[in-house]
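Dear colleague,

I am passing on the structure we spoke about, with the sequence beside it. My notes on what was found follow below.

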Amino acid sequence: MSTPYPFTAVVGQADLRLALLLNAVSPAVGGVLVRGEKGTAKSTAVRALSALLPHVDVVPGCRFSCAPAAPDPACPDGPHEPGSGAERPARMVELPVGASEDRLVGALDIERALAEGVKAFEPGLLADAHRGILYVDEVNLLHDHLIDLLLDAAAMGASYVEREGVSVRHAARFLLVGTMNPEEGELRPQLLDRFGLTVEVAASREPEQRVEVVRRRLAYEDDPAGFAARWAGDESEVRARVVAARALLPQVALGDTALLQIAATCAGFEVDGMRADIVMARTATALAAWAGRTSVRKEDVRQAALLALPHRRRRNPFDAPGLDEDKLDEILDGFPDEEPEPEPEGPDDNGGGPDGDGGGVPPQGGGPETGHAPETGHAPEEAPELGDGSPAPQPSAPRGGSEGAEQAAVGASEPFRTKMLSVPGLGEGAAGRRSRARTAHGRTTGAQRPRGQLTKLHLAATVHAAAPHQKARGRSGPGLVVRKDDLRQATREGREGNLVLFCVDASGSMAARQRMGAVKGAVLSLLLDAYQRRDKVGLITFRGAGAELALPPTSSVDAAAARLERLPTGGRTPLGPGLLKAREVLRVERLRDPSRRPLLVVVTDGRATSAGDVGGDPRELSGRSARLLAAEGVTSVVVDCESGPVRLGLAGALAADLGAPAVTLDGLRADSLAGLVKNVRTAVTHTASPDSVSRRAA
């Protein structure tokens, strides 16, 4: 077994270390979600935490880690008689992104359950993590139903497995830690709320600190055992402090003043529900115990708010998590200061370590150590950045002539609710909420022989398959004689997520009559819809003499919204090159992820005034490009941005070439879009060839 990197050797990341230690002191806090860019020691810190947890006593031979002093009466391996047990280190169990439901919660042997009446249960990762740590790297890429199961178990302290009336329950109390890179997509707000604390991490911009990170990492890689030995004393100190804080926790008093401070803070920030209040109370209590005190102070409430509230304040998916610390101080300043109690003697608050950068209490408040960035704008001389950390596209001179001077980016109008656009046919893509698909969850539509391990039994079909063979199998009692060949897997139909590729006209004609604000508002509304339906999104813009892939297909709808907001307009209209760029992007994505079906949304007034580098007649090129996409079976929708009393109908002609419906900007609204999904299906059916329709349905 390799030597883990010491927790106390992690440089900086004070909020991350504090949040992990608070959960080690009080697992009831509800876990930690660590958000941040790649290469910021997220996984390193989490994996190192397990070495600081106290060892646990378990019943020998129990697969569910029951405590000898108080074994679980419902343990599937029980009943256990109270007695002495065996001591082992606390486990750190990792949940892979591609894990199945049975791997997470455990699997029942349905064949033995039906034939013998035996609950043959194979424990899953939830059982392995009991009384330890369950770590989910890239939790935002985990399927939603698995996250629901995971968070339900974390909240109830137990896991329930039910298959066709056969039920198994076992204890599952663990410290839940998830990490994610927001560039790869966000978690739904309902799931964000289920994590107790959230920490934003970023790489230090201080050269000295970066040098220390590199120095320690290289020293660890050269001699892991020797490096760990140099930090063993600091690890022991923090481990002892965790044990002491756990013992002190029941004695910590949460007074009425602290409760009022917590309630006022949550109300002042307009946090939904009561979970935030409860988590703040538990976090503040754990902070007091970690500091060796028996009462909660105002600074504990403040630090608890900084850890528990930022991810609960998002009003819509495009809002960045964060907390206004000035407002927080204003709320808490309305309460009188407490009388200070004598500080207990104990380990130094800054932790150990050769440079004092150990695992103690980090500074409370903003600044570079805490990971909470000050809410200020960019310096005037710096180029603005997008939500995904990449530079915003800067205005450039239009190529190939102009249709009016280039205009600066305009803001989007207010987003609105849209009706669903879907891809016709039955897909087999990743679980989502847009188009019909064969999925592991949903309504049962039939049965088939299982391919590999049986996961969802179709009971009626299984009984029907076994019934004709009962006499030949020598059945003599009331039980049904079932063989493996009789088992039938339920086939289910649900919804999948799609690749929604936006192809947006940013030429000079779109800037006329201030249309771009309405266009951005419409696309932003469709992006919000894509976020809610768990789609991947991509963004192509065309203007001047060519088209640009502004955002490659990604699960981060936030990044698409940021790029759209800063999109300038101007120049001629290379509609044909824009469609050809969309065709190329879809071709590449089809190779990468063949099961994810695309939906192309073309936002334009239909004008084509430039052929770009391709050359030829612009209108002929746009028509030919559209027909190529239709022949390849790409489902499309044209959003007609033409306005004014005189309409040329060019977007309608483009829609006909694409085999797609055309809808106006006003028609995108939910109350004006009745029948659009029907129109998508009808247009594709009547205009595309039978071969392309069959390819879409495949």
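Which side chain meets that of Glu200 in a salt bridge? It is the side chain of Arg35, with 2.5 Å from N to O, where a salt bridge is a side-chain nitrogen of Lys or Arg within 4 Å of a carboxyl oxygen of Asp or Glu. Since Glu200 lies in strand E11 (residues 197–201) and Arg35 in strand E1 (residues 32–36), the pair ties together parts that are 165 residues apart in sequence. A search of the whole structure finds 28 salt bridges.

Please keep in mind that this is a predicted model, in which local features need pLDDT of at least 70 and side-chain atom pairs count only at pLDDT 80 or more, while totals for chains, interfaces and linings use all residues. Residues are numbered from 1 along each chain as its sequence is written, and side-chain values use heavy atoms, with hydrogens and water left out. Helices (H or I, at least four residues) and strands (E, at least two) are DSSP runs, numbered from the N terminus.

Turning to the helices, the axes of H19 (residues 575–592) and H20 (residues 618–631) come within 7 Å and cross at roughly 20°, the axes being lines fitted to C-alpha atoms over the stretch in contact, and angles running from 0 to 180 degrees between N-to-C directions. H19 is therefore roughly parallel to H20 (angles under 35 degrees count as roughly parallel, over 145 as roughly antiparallel, 65 to 115 as roughly perpendicular and the rest as oblique). The contact (heavy atoms within 4.5 Å) includes Leu575, Pro577 and Arg583 in H19, and Leu621 and Ser625 among those in H20.

Helices H11 (residues 256–268) and H12 (residues 275–290) pack at an angle of about 140°, with their axes 9 Å apart, which means that H11 is oblique to H12. Here Ile262, Ala263, Thr265 and Cys266 of H11 make the contact with Ala276, Asp277, Met280 and Ala281 of H12.

Lastly, there is an open sheet of three strands in the order E12-E14-E13, with antiparallel pairing, where two strands pair if DSSP finds at least two bridges between them. Strands E12 (431–439) and E13 (443–448) are the edge strands, each pairing on one side only, and neighbouring strands of this sheet are turned by 30° against each other on average, direction ignored. Between E12 and the antiparallel strand E14 (residues 489–496) there are six bridges, and Ser435 stands opposite Glu496 in E14.
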